[in-house]
Amino acid sequence: SIRQAIWNVDPGLPVPTVEPMSGLVQQSVAGPRFNLLVMGVFGSVALVLSLMAIYGLVLFGVRQRTREIGVRIALGARPESVVALVLRRGVLVAAAGVVGGMVLSRGLAGFLDTLLFGTESFDVAMLGAAALVVMIAATAATWIPARRATRIDPREALTLE
């Protein structure tokens, strides 16, 4: 109906394609939206893989220190202190990774600016939220091997070679 109204005024006037504004907005943000989706999927996969790695490393460390933990338990260490011992090491590894990631993100600020809209690449609130999520997840991944360490039987631990 818009084309017919324009042609009623001047039949030789070319009429461009008429689209609703919502369609134009959708087309203009399709590329950044896809980039955001891909980055979100990769970020989620990276988080899961890092949690599996932390879990495996902490579990390996607990198994390597079975004799030490068994001696501590035999000498009367409380389960809370054993959990704290294992958690401390796992959280320190995660904290080092978070700090390294923040330094790396600062170095890649120019590249990240091209992918971000409405925020800066070094937004303190966003980096803080990401660091908090990673630290909570890493603590949860460390918690399971730490609880397993409290169930080590001192007699079996001392007879292991």
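A pocket, as the word is used here, is found on a 1 Å grid over the protein atoms alone, and is an open set of points with protein on both sides within 12 Å along at least five of seven lines, its lining residues being those with an atom within 4 Å of a point. The structure is a predicted model, in which local features need pLDDT of at least 70 and side-chain atom pairs count only at pLDDT 80 or more, while totals for chains, interfaces and linings use all residues. Residues are numbered from 1 along each chain as its sequence is written, and side-chain values use heavy atoms, with hydrogens and water left out.

**The second largest pocket**

- The second largest pocket is lined by Ile54, Leu57, Val58, Phe60, Gly61, Val62, Arg65, Ile69, Val86, Arg89, Gly90 and Val93, and it holds about 170 Å³ of space, a volume being the space filled by probe spheres set on the grid points.
- Helices H3 and H5 each give at least two residues to this lining, and H3 provides the largest share, namely six residues; helices here are DSSP runs (H or I) of at least four residues, numbered from the N terminus.
- By type, the lining residues are eight nonpolar, two polar and two charged, where Gly counts as polar and Arg as charged.

**The largest nonpolar core**

- A nonpolar core is a set of buried Ala, Val, Leu, Ile, Met, Phe, Trp, Tyr and Cys residues joined through side-chain atoms within 4.5 Å, and the largest one has 19 residues, with Ile54, Val62, Ile69, Val86, Ala149 and Ile152 having the most contacts inside it.
- At least two residues of this core come from each of H3 (30-64), H4 (66-74), H5 (79-107) and H7 (124-149).
- Apart from neighbours within four places in sequence, Val62 is in contact (heavy atoms within 4.5 Å) with Ile69, Val86, Pro145, Ala149 and Ile152.

**Two residues in loops**

- Arg65 sits in the loop between H3 and H4 and is buried, with a relative accessible area of 18%, given that buried means under 20%, exposed over 50% and partly exposed in between, with a 1.4 Å probe and protein chains only.
- Beyond its neighbours within four places in sequence, Arg65 is in contact with Leu85 and Arg89.
- Thr150, in the loop between H7 and H8 (154-159), is buried at a relative accessible area of 17%, and a polar atom of its side chain lies 2.5 Å from the backbone oxygen of Arg147.

Technical notes: Polar contact = N/O pair within 3.5 Å; in protein donor to acceptor, adjacent residues only side chain to side chain. 1 Å grid on protein atoms, 1.4 Å probe; cavity = no way out; pocket = protein on both sides within 12 Å on 5 of 7 lines; lining within 4 Å.
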